[in-house]
Amino acid sequence: MAAIQVQDLRKTFKVQKNREGLKGAFADLFKREYTEVTAVKDISFTIPEGEICGYIGENGAGKSTTIKMLTGILVPTSGVLSVGGYVPYEEREKFVRNIGVVFGQRSQLWWDIGVIESFQLLRKVYRVSEADYKKRLDELVERLALQELLNRPVRKLSLGQRMRCELVAALLHNPSILFLDEPTIGLDIVVKSEIRDFLKDMNREHGTTILLTTHDLQDIEALCSRVIMLDDGRIIYDGGLEELKQRWGTGREVLFQFGSATKLGQLNHWTDGMPVTWSAENDLNAKAWIPLDLNVSDVLGRVVGQADITDIKIIETNTDDIVRSIYQSGSAEKPEEARAEQDGKEVVHV
Amino acid sequence: MYYFGLVIEYLKNYMKTRLTYRADFWVEVISDLLFQATNFIFILVIFMHTNSLGGWNQNEVVFVYGFFMVPFGVFSCFVNMWGFSERYIVKGEMDRILTRPAHNLFQIFLENIDPPALVGSFIGLIIMAISGSNLGLPFEWWTIPVLILFTLSAVAIYTGIYTALTSLSFYSDAPTGILPLMYNIQSYGRYPVTIYNRAIQVLLTWIIPFAFVGIYPAALFLQRDEMKSMALLTPVVGLVFLGIGLMAWNYGVRRYKGAGS
């Protein structure tokens, strides 16, 4: 069964135009001008139960707006929406009992009271029975090592400690779907990886469906079997991370450092017949660009025996680079394909 | 039952946080009382110059003032919408409210609960008891139940009006200045409406019915037969305005735009 089903979802905001200067401000007082901004433009996707899906895109691409529609906070302008069998904005109170929400930039917890008291209050709000609550809390507290923090007021916690508590708060009622909006923002590497491990375990043990937005692609690499990429309100890629890499990672670069001067022509000669492109800054440093379908070792084999090499560095295109270039071009089509097909914003299903 | 349990829980938490700032608690109680005292002294000053205000003597007007304080205290304790726009719309805390399984308006009431305001209600009861005995008002079997019913109705009227007005924040980005204006108008309701001109009477009775949170219901206890039928209308007006308020609210929530990221 699909946990989340979205069909032609659209959200339009009316934004007030502020005219310039004092004169403009007066004009605004009497006659306001509005511009329509479409934050989410007819997107469709389906997330099956038990999947961890990453939702990425530049700032302002419409990620948060989508999450807010999926969690029932915003009412969509048009489109069909079903999350955990409910239409979120219609039966909000019943629906939210089934989901957990963590907004990285906002707290679920009460600022002045101890963490444990916040949990108690949430237990009452979510109508979790005392027995279930105790079992669940013990499990979560142990897993995230929170024992020492439970009696401290939230305002005295560090961001990492607070974030772990937020996760517990969002999971106390054992939701089947968990929404995370930038859960690792501003956290150090240790806490980040702790949270990633934790989310993975939750998904494996309880089958929790997780949808998370993030700017940290390591979150995606560590967690997500699938990634949906958004640009300007449209889905530009929906599929596995590996496929994305293969599609976009067009090749590898190998950096050579030579002990004695080696001419570019010489290098070209050695790899004759191979689709390798050489470039050199000077006689001691050279770069070879090797397409994906060619083995790096084959190229090395040709060069290593003949040249006086002091250092070799192989550079894989990493996800950050891939995503950066997609963001910049605004399309997940391969550059060549995009050129061939003028309408570069087609959705790619892999 | 669920909601009642939540009220208790939130009250407990209020106590836990507030009792750590005990001085703050008493400052709030005292400033509340001083505010009421200035109004009260104003009434006494008026009656130093005249014996009757539109046909009502000092004890009667003081009794009405006492009654007025009771629902107002309950309302201020449980329904506190000051700064809603600032806190929930501009800062986007409404997001959090909407992802929890209790009615969103109710959650907002709970989060802003303000028990010190109840002290005003007790003072109001004392004022009613003193001026009532000065007037020799009879204490009937129905006095207490009707007092409770009228108090709840008046709270419903306040809640309805303020909820409807606050729901305007869902439409306009800027916080509106209409709430303080209302706050001033509501104090008109504690004087005999007959002293105002016709237009204000209609306004206070049917449009923003603040006469129903003070003078009309109090008139029943004062055995003022000319306002008896109005007094009995109080629960109806309460229900109607609470209904309007909730409808406006629920409609407004669908327009909620969220804030920032």
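In chain B of this predicted model, helix α2(B) passes helix α7(B) in a right-handed crossing (the near helix is turned clockwise from the far one by less than a right angle). The contact is made by Val29(B), Asp32(B), Leu33(B) and Gln36(B) of α2(B) and by Val119(B), Gly120(B) and Ile123(B) of α7(B) (C-beta atoms, placed from the backbone, within 7 Å). Four of these residues are nonpolar, two polar and one charged. Helices α2 (residues 22–49) and α7 (residues 118–135) pack at an angle of about 45°, with axes 9 Å apart.

Local features need pLDDT of at least 70 and side-chain atom pairs 80 or more, while totals for chains, interfaces and linings use all residues. Residues are numbered from 1 along each chain, and chains are lettered from A in the order in which they are written.

The contact between the chains takes 22 residues from chain B and 27 residues from chain A. On the chain B side, α1 (2–18) and α5 (94–98) each supply at least two residues. The largest share, seven residues, comes from α1(B). This side divides into six nonpolar, eight polar and eight charged residues.

In chain A, five of the five residues of strand β5 (residues 99–103) are buried, so the strand is largely enclosed by the rest of the structure (buried: 20 or more other C-beta atoms within 10 Å). Both faces are covered, by Ile99(A), Val101(A) and Phe103(A) on one side and Gly100(A) and Val102(A) on the other. β5(A) pairs with strand β6 (residues 177–181) in the parallel sense over five bridges (pairing needs at least two DSSP bridges). Gly100(A) has Leu178(A) as its bridge partner in β6(A).

How values were computed
A residue is buried if 20 or more other C-beta atoms lie within 10 Å of its own, exposed if 12 or fewer, and partly exposed in between; C-beta atoms are placed from the backbone. Helices (H or I, at least four residues) and strands (E, at least two) are DSSP runs, numbered from the N terminus. Axes are lines fitted to C-alpha atoms, for helices over the stretch in contact, and angles run from 0 to 180 degrees between N-to-C directions. Two residues are in contact if their C-beta atoms, placed from the backbone, lie within 7 Å. Ala, Val, Leu, Ile, Met, Phe, Trp, Tyr, Cys and Pro count as nonpolar, Asp, Glu, Lys and Arg as charged, and the others, Gly among them, as polar.
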